[in-house]
Amino acid sequence: MVDEPVARGSFTVISRDDGSKEVEEHIEFMRLAIMQANMAAPDDHTFNTGIMIVKNLQPISTGHSRDPHAPGLHAAANTIAKARHGPHAHLLVGSTMYTTMEPCSSPIVSKTPCTTHIINARIKRVVIGVKEPESFVNCKGVETLRTAGIDVVHMKMLQEECLKTNIHLLT
């Protein structure tokens, strides 16, 4: 048996609210992810990230950076782990992840990068609030996800809101 090549995932940038149902849903869930990011304790060396995983408009799992119940796990890894053990675990495959920050892609940043956790969970779409600033590492999260066939949406219109909790790292 020969493995079929994976179709490359799409990349869409949304710069303004066009009033469509899809954009309104993205805004709603991204704002919930931003609320999660605001729950993370500030740190001088890492970004605060908030995550929301949904399928068919149903929330599956939420999480954030430096969760005291999941020490050492990045936000995406933590949120996926919670989803796998939660009441809606059966909805994880094919779901959409909303994340305030582009998922990490380097084993330098995390032993198992967040992109690997997302790919292994078979999440079909990742909506990001901001591409990771090059403050710490040159992140290739969007490219890694697209190569794996995952569609990525950049909610550029919410970039400022997503960065507010990390302003101390950007000045």
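The model is predicted: local features need pLDDT of at least 70, side-chain atom pairs count only at pLDDT 80 or more, and totals for chains, interfaces and linings use all residues. Residues are numbered from 1 along each chain as its sequence is written, and side-chain values use heavy atoms, with hydrogens and water left out.

Start at H1, residues 21-37. Helices (H or I, at least four residues) and strands (E, at least two) are DSSP runs, numbered from the N terminus. H1 has 17 residues and reaches 24 Å from its first C-alpha to its last. That is close to the 24 Å expected at 1.5 Å a residue, a span taken as 1.5 Å times one less than the number of residues.

Buried means under 20% relative accessible area (1.4 Å probe, protein chains only). The buried residues of H1 include Val 23, His 26, Phe 29 and Met 30. Their cover includes strands S2 (50-55) and S4 (96-99) and helix H5 (159-163).

Phe 29 also has a ring partner. Phe 29 and Tyr 98 form a tilted aromatic pair, 5.4 Å centre to centre with 35 degrees between the planes. Rings pair if their centres lie within 6.5 Å; planes under 30 degrees apart count as stacked, over 60 as edge-to-face and the rest as tilted. Phe 29 lies in helix H1 and Tyr 98 in strand S4, so the pair ties together parts 69 residues apart in sequence. Phe 29 counts as buried at 5% relative accessibility, and Tyr 98 at 3%.

H1 gives the most to the lining of the second largest pocket, with four residues.

Terms used:
Buried means under 20% relative accessible area, exposed over 50%, partly exposed in between (1.4 Å probe, protein chains only). Contact means heavy atoms within 4.5 Å. Rings of Phe, Tyr and Trp (its six-membered ring) pair if their centres lie within 6.5 Å; planes under 30 degrees apart count as stacked, over 60 as edge-to-face and the rest as tilted.
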